[in-house]
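Visitor: Could you walk me through this model and tell me what lies behind the labels you use?
Guide: Gladly; here it is.

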Amino acid sequence: MLKKNLLSIAVVTAAMSLAACNDKEAVTEPVEPAATTDVAVEPETTTDMPAEAVAESTDDAMPIDAAATQSIGEMAAGNENLTILTEALQAAELDDMMMAEGQYTVFAPTDDAFAALLTKLNVTKEELLGNKELLTSVLTYHVVPMVVKAADIPYGTAIDTANGQTISISDANVITDASGNTANIVGTDMMATNGVVHVIDTVLLPK
């Protein structure tokens, strides 16, 4: 009887030891790390221009022409090749208009152009300057009541003048007036506070 009880105790003890070993193995069994799906993030790129580059691009976009400081009348008065034009504007009382605010394009005949006109008309400078009606008609024929820079000239198109008659300009910068005469544009884009001046070598004549 005693042997039987000892045997039962031994069996129970062995079973408990075995269970304890199994529990320890279960606890210490390594656990595989969970798989991850991390994605590598590329460093953010920018398209910002350096400050120096921005300054350079801004400078390139700026106009290169200096701001005009003189009116058309003042510009003509200060030009040694436009002295007769200046006298003619004063005699026709158009000089104030050429100094006032406005938007004008003036095709300005040189002194040589006026000298050729005097020969053509067979009159003296004093006689020409004394004919206010003729001067007014001729001078306003050289004025377009809007700013037309050289790059914007509408070649081959009739251009209205302040006189009421038209002129036309070819792509060779040759002006044809209402009388069929021609004049060459020999200087362009003299910018004034109230418009622009183009210099021509012949006086234009309306009908």
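Predicted model: local features only at pLDDT ≥ 70, side-chain atom pairs only at ≥ 80, totals over all residues.

Visitor: What makes β6 and β7 a pair?
Guide: Two strands pair if DSSP finds at least two bridges between them. Strand β6 (residues 182–192) and β7 have five bridges, in the antiparallel sense, so they qualify as a pair under that rule. I185 stands opposite I200 in β7, and two residues sit between the strands of this hairpin. As for the names, helices (H or I, at least four residues) and strands (E, at least two) are DSSP runs, numbered from the N terminus.

Visitor: Which strand does β7 join by six bridges, and in which sense?
Guide: That is β1, which runs parallel to strand β7 (residues 195–200). Along this pair, Y104 stands opposite G195 and A108 stands opposite V199. The open sheet has seven strands in the order β2-β1-β7-β6-β5-β4-β3, with mixed pairing. Its edge strands are β2 and β3, each of which pairs on one side only.

Visitor: How do you know how covered β7 is?
Guide: Six of its six residues are buried, so β7 is mostly covered. Buried means under 20% relative accessible area, exposed over 50%, and partly exposed in between (1.4 Å probe, protein chains only).

Visitor: Why is A158 called exposed rather than buried?
Guide: A158 has 55% relative accessibility, so it counts as exposed. This residue lies in the loop between β2 and β3. Not counting residues up to four places away in sequence, A158 touches T166 and I167, where contact means heavy atoms within 4.5 Å. The C-alpha atoms of A158 and S168, ten residues apart along the chain, are separated by 5.0 Å.

Visitor: What makes the approach of T161 to Q165 a polar contact?
Guide: A polar atom of the T161 side chain lies 2.7 Å from the backbone oxygen of Q165. A polar contact is a pair of N or O atoms within 3.5 Å; within protein, one must be able to donate a hydrogen and the other to accept it, and residues adjacent in sequence count only if both atoms are side-chain atoms. The 2.7 Å separation is within that limit.

Visitor: Which residues touch the most other members of the largest nonpolar core?
Guide: F114 and L139 do, in a core of 28 residues. A nonpolar core is a set of buried Ala, Val, Leu, Ile, Met, Phe, Trp, Tyr and Cys residues joined through side-chain atoms within 4.5 Å. Apart from it lies another core, of 13 residues, among them I153, I169, A183 and L204.

Notes: Residues numbered from 1 in each chain as written. Heavy atoms only, no water.
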